[in-house]
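Biologist: I have a model open and would like to learn how to read its overall features. Could you walk me through them?

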Amino acid sequence: MVLGLSAKKEKIDATAGVSLAASAWKRLRRSPVFLTGAVIIGLFILVSLLAPWLAPHNPADPMLIDQVVKARNEIPPSQPGHPLGGDLQGRDFLSRVLVGSQQTLIVGVVATLFGLTGGLILGTLAGALGGWVDSLVMRVVDVMLSLPSLLLAFSIAAMFSRPSQFTVILAVSIVQIPVFARLLRGSMLAQRHSDHVLAATALGVKKGAIVFRHMLPNSLGPVIVQSTLVLATAIIEAAALSFLGLGNPDDRTPEWGQMLGDVQKVFDTHPHLAAWPAICIIIVALGFTLMGETLREALDPKNRR
Amino acid sequence: MLRYTIRRLIQLVGVVLVLSLLLFAWLRVLPGGPVSALLGERATPESREALTKQLGLDQPIFVQYFKFLGRAATGDFGVSTGVQPGDSALEIFLQRFPATLELSFFAILIAILVGVPLGYIAAKRRGSWFDNVSVVGSLIGVAVPVFFLAYVLKGVASSALGLPSSGRQDAIDATRVTGFFTLDGMITGEWDATLNALEHLILPAIALATIPFAVIFRITRAAVLDVLDEDFVRTAESKGLTAPVIRRRHVLRNAMLPVVTTIGLQTGALLSGAVLTEKVFSFSGVGEALAIGFERRDYPVLLLLIIMATIVYVVVNLLVDLSYALIDPRIRTR
Amino acid sequence: MALLEVRDLSVVFQRKGEEPFRAVDGVSFDVEPGQTVGLVGESGCGKSVTSLAIMGLLPKRGVTITGSVSYDGTDLLKLSDKEMRDRRGRDLGMVFQDPLSSLNPVVPIGLQVTEVLERHRGMARKEAMVEAKTLLDKVGIPDPNRRLKEYPHQLSGGMRQRALIAIALACRPKLLIADEPTTALDVTIQAQILTLMKELVHDLGTALVMITHDLGVVAGLCDEVNVLYGGKVVEKAMRHKLFAEPRHPYTHGLLASIPRLDAPRGEKLTPIKGSVADNIPWSQGCAFAPRCPNALDVCTRETPAEEAQLGRLLRCHNPVVPGTPAAEEVSV
């Protein structure tokens, strides 16, 4: 009897193994591309968490200021205790690169969360309720999508007379709202007339419960993929804002985008000051993109063979 | 089709009006606003008040907005305060627009000429080292901040190849006809002027082309992979058609549908990249004007250029939709 | 000599990191000029793969084909890619299952017909258009001039399949392979298409390999029938003989699971139990054994050999005794 039961259980597990998420995970685990991305992002998060202990010095301390000669465009060179030398303000550059990972991670994650939340609310409302709510939401989305997204981010950032970390995050996240909203609305609309929602409605399940228990979970796949990709764009766009002078002017706490944004001041004379944060941004953005693209491929039912 | 086009154009007018009202309102409630912009932060309260009255800024925002619309209808969008102080915003736009068009044209041309063939080959050799390298390469292309790449091109390529690294043309005596410097030289027969303009274009165009290239490459690859799996390709093979005919008529003609959409969307979005690229190469187009405008908060110029960008972007998207209908008989003959 | 001689054809698929899969396992059959031969079986029995192997349409990578496919004395499997291209569409035509997805959606029907005429019969576009009109006429498409300019989505399913037949027969091939040509169509259209194919192959003297899971199609069309199971031919006989006296339990089961109008009211249908997923490898015995009502111990131990008897080839340890009614009745 016990034997029979366990045999039956195995059979059920075998069928559960073909569910979309499970089969996706099975393929991702073997995908070298996904693993590369995951390792990059894992290291990035680890470094940013441990940055205060990894960094040899205080990134805000102009300890090498006496080696900075403005007139001759000299900055502290590589030296014992400061392998990457110092920046234009005589601060230890290695410490700034290491600690910079923290704010970069924060910008990426918070901007993505803002954009995701906004899009989640708008898209769910529009898709689940339909009618005039849908029309209104879609008009708002249309207006936001009538400018190239990066240009919209520039414009939003330019509207604040006193830029800060917060306005950067706001500008980068607002432009993601319509993308998420459309994604969710589309998925909701497709599901409103699908069999499983009709079945739930026929059983008398309340509308709210249907939306939250049936429709939202089914939209999660594409939302997760999009979020991963937005993490990459948010970091790159934040750098572009700094480059245009729309970034956070307070550079006591370093952020890679902000460090790279100063590229025009340093590229001809001290290119390594731009190259280090640039390489960090490229690697991290690549990590998120590799994860996002492989996730998208794995979750695509078309590729399920 | 005509009705669809008209409906979309009416929609565009609506979007432009809403957007301009939003921008307009925002600019007016900004601390400082145009008065500070014109007089500077340290002006006396009396002179501020006088200018406020003179500019009509004491009136309700809607009145101001309609007055603005009235002036805009006559081509008066105000005077630049930062980009080219004193020049009219419209003049700045008209003067710089050809430069950006020219740059965008070459950028998207490069992106298409490289992206589409590479995408096709990668799909045909799915899983080969060529495919893997080009896919990872395209992902890196998206991950590199455009302005950083522009600096690298400017710093490395220009000195290695002896290409000019800023401006649209050297100070040579060239006749201006259309404002498109490459075209002007061809029209007047001043070929050295065309060549010189092209030399100035090549690096910014490559920098601007990276992201559209990466996107077009990936969409082409995905579309070709999809089409290669289709039954009608097998039918074509069963007819014994030659490989070039199958590639052109059966694979590419179908794969082109999503690719054309992508090319259109990327063309529309080029202005974002142009802001960054033109700034790096001091390429005096609309993008550079926007970059300077953002930096110096030149609101009249920003307002006009952003409205113009909206119009261009929406019209390009409309053209994409229409061309889609032209190439896909399933939409055309519905 | 037969027009087409398939000898010991095997197709093995090998995907990276997976067990090789033997889709076709030593299949042999002949097609005489003008003859219609059926390949019958459930999905996954290897019948479509067999047809793609004959046409040279299987992917090169990850596929191993062995055996021989001789057409008019030439082994098609030994031909170069280019030589095979010259023959496809000219000597061998093929009609596929789903007429909508088998036609290019963005190319007018006319061009899809003329391109094969231009390729193999050296016609100019204009001349080919005239011929295309005649062809569409011949396959019973009304108003062919208009249809030539239209796109696949503007035609009905039946008309699309007629167009595909016109394309496959455009160069008068001596052999036509039809892979489930009626499965995607409405029942009333199915009969029309089958009648059309029957007339055309008769008029043109074309040999036809009909691939189907539907014994009704076989009954109306085929001279000889090969029943495939798990990549092997398990029974082969002339149509009348096979229908009158199925000997292999699988064939017997297939026939018993067809609803019949002339059966007494209340008689139950007899499905074959299980599915292809229950198969055991041929190397361990008979692939059909787990589903077979006649299975003996030996069936899961020894691979049954192919035996010729009285105009029939049979691969079974314990064939059905002629005259046996359906083995087991199941109420549904």
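Modeller: Happy to. Start with burial: a residue is buried if 20 or more other C-beta atoms lie within 10 Å of its own, exposed if 12 or fewer, and partly exposed in between, with the C-beta atoms placed from the backbone. Keep in mind that this is a predicted model, where local features need pLDDT of at least 70, side-chain atom pairs count only at pLDDT 80 or more, and totals for chains, interfaces and linings use all residues. Residues are numbered from 1 along each chain as its sequence is written, while chains are lettered from A and ligands numbered from 1 in the order in which they are written.

Biologist: What percentage of the 334 residues of chain B count as buried?

Modeller: In chain B, 40% of the 334 residues are buried. For chain A, the share is 45% of 305 residues.

Biologist: How many helices and strands does chain B have?

Modeller: Helices (H or I, at least four residues) and strands (E, at least two) are DSSP runs, numbered from the N terminus. Chain B has 14 helices and zero strands; chain A has 13 helices and, again, zero strands.

Biologist: What box do the C-alpha atoms of chain B fill?

Modeller: Taken along the principal axes, the box for chain B is roughly 85 × 55 × 40 Å. The C-alpha trace of chain A spans about 80 × 55 × 25 Å along its own axes.

Biologist: And how do I read the contacts?

Modeller: Two residues are in contact if their C-beta atoms, placed from the backbone, lie within 7 Å. Among contacts with a separation of 6 or more, residues 24 or more positions apart account for 71% in chain B and 70% in chain A.
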